[in-house]
Amino acid sequence: MLIKNKVKPKFYSSHRARNGKEKNLFLQEELFSKAKEALRANKKVSLEIGFGDGKSVIDMATKKYEDYFFCVESYHKGVEILIRETKQRNLNNIFMLYGDAIDVIERLFDNKTINNIFIFFPDPWPKKRHKKRRVLNEYSMNLLFNKLRDDGVFHFATDNISYAYETRSLFSNYFSGNRKINFSAHRGDRPITKYEKKALVKKNIIYDIIVKS
């Protein structure tokens, strides 16, 4: 059953943000300013929401060094790990952002500026009372498609069957049922993440939804 919710979701905000005991190795607004400056360059822009340990965005950015990859995470540990990794690998085309993904996206990106949006294995919040915490609902779906270029691609992946079918319904509803939304027969350019590996060990089915704007 589709969860209808036009209220702005709080993705990784009050319910997931963590203020660890160790001092952060970065400043949130400094990261934002660097990303804002990077958007002035004439580059192809991809956005990953919830990058975890950063391995997926590193994989994609390494293969397409000429493109710019922006990524948002709420756990400061993940951001700190990715900062170290990008320095060690001398990757200058990854721009990290810390905080609530929806808030960051609204502040940072103008409409029709993103070529690709990736959401790989987000927290499914399986309990009924927690589903409102999912990053995708009617509000965020409209927001993200507004930010996508006319030829942009939105790629979502999960191993949670409930989240998969409800997200497919969200995509279908966004297009007012005028476009048939199917699960993809391939993984596209999506790298293998640690969450996917765990899902495969459990013999879970992986659902990919790849939609052009």
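**View 1. Strands β4 and β5 run side by side.** Strand β4 (residues 114-120) and strand β5 (residues 148-158) are parallel and joined by six bridges. Strands count as paired if DSSP finds at least two bridges between them. Here strands (E, at least two residues) and helices (H or I, at least four) are DSSP runs, numbered from the N terminus. Look for Ile119, whose bridge partner in β5 is Phe156. With helix α5 (residues 138-147), β4 and β5 make a right-handed β-α-β unit. Right-handed means that, with the strands pointing away from the viewer, the path from the first strand over the helix to the second runs clockwise.

A note on what you are seeing: this is a predicted model, in which local features need pLDDT of at least 70 and side-chain atom pairs count only at pLDDT 80 or more, while totals for chains, interfaces and linings use all residues. Residues are numbered from 1 along each chain as its sequence is written, and side-chain values use heavy atoms, with hydrogens and water left out.

**View 2. On its way along the sheet, β5 also meets strand β6 (residues 207-212).** This time the two strands run antiparallel, joined by six bridges. Phe154 stands opposite Val211 in β6. Eight of the eleven residues of β5 are buried, so the strand is largely enclosed by the rest of the structure. Buried means under 20% relative accessible area, exposed over 50%, and partly exposed in between (1.4 Å probe, protein chains only).

**View 3. Strand β1 (residues 45-49) is largely enclosed, because five of its five residues are buried.** Val45, Leu47 and Ile49 point one way, while Ser46 and Glu48 point the other way. In a regular strand the side chains alternate between the two faces of the sheet. β1 pairs with strand β2 (residues 68-73) in the parallel sense over five bridges, and Val45 has Tyr68 as its bridge partner there. Between β1 and β2 the chain passes through helix α2 (residues 55-63) in a right-handed β-α-β crossover. β1 also pairs in the parallel sense with β4, over three bridges, where Ser46 stands opposite Asn116.

**View 4. The largest nonpolar core has 36 residues.** Such a core is a set of buried Ala, Val, Leu, Ile, Met, Phe, Trp, Tyr and Cys residues joined through side-chain atoms within 4.5 Å. Ile49, Phe70, Leu136, Phe154 and Phe171 have the most contacts inside this core. Its largest share, five residues, comes from helix α4 (residues 101-108). Zoom in on Leu136: leaving aside neighbours within four places in sequence, its contacts (heavy atoms within 4.5 Å) include Ile119, Met141, Phe154 and Tyr163.

**View 5. Arg187, Arg190, Glu196 and Asp208 are linked in a network of salt bridges.** A salt bridge is a side-chain nitrogen of Lys or Arg within 4 Å of a carboxyl oxygen of Asp or Glu. Between Asp208 and Arg190, the closest N and O atoms are 2.8 Å apart, and both residues are buried. Glu196 sits in helix α7 (residues 194-201) and is buried, with a relative accessible area of 3%.

**View 6. A salt bridge joins Arg107 and Glu29 (3.3 Å, N to O).** Arg107 is in helix α4 and Glu29 in helix α1 (residues 28-38), so you will find them 78 residues apart. Arg107 is partly exposed at 45% relative accessibility, and Glu29 is partly exposed at 42%.
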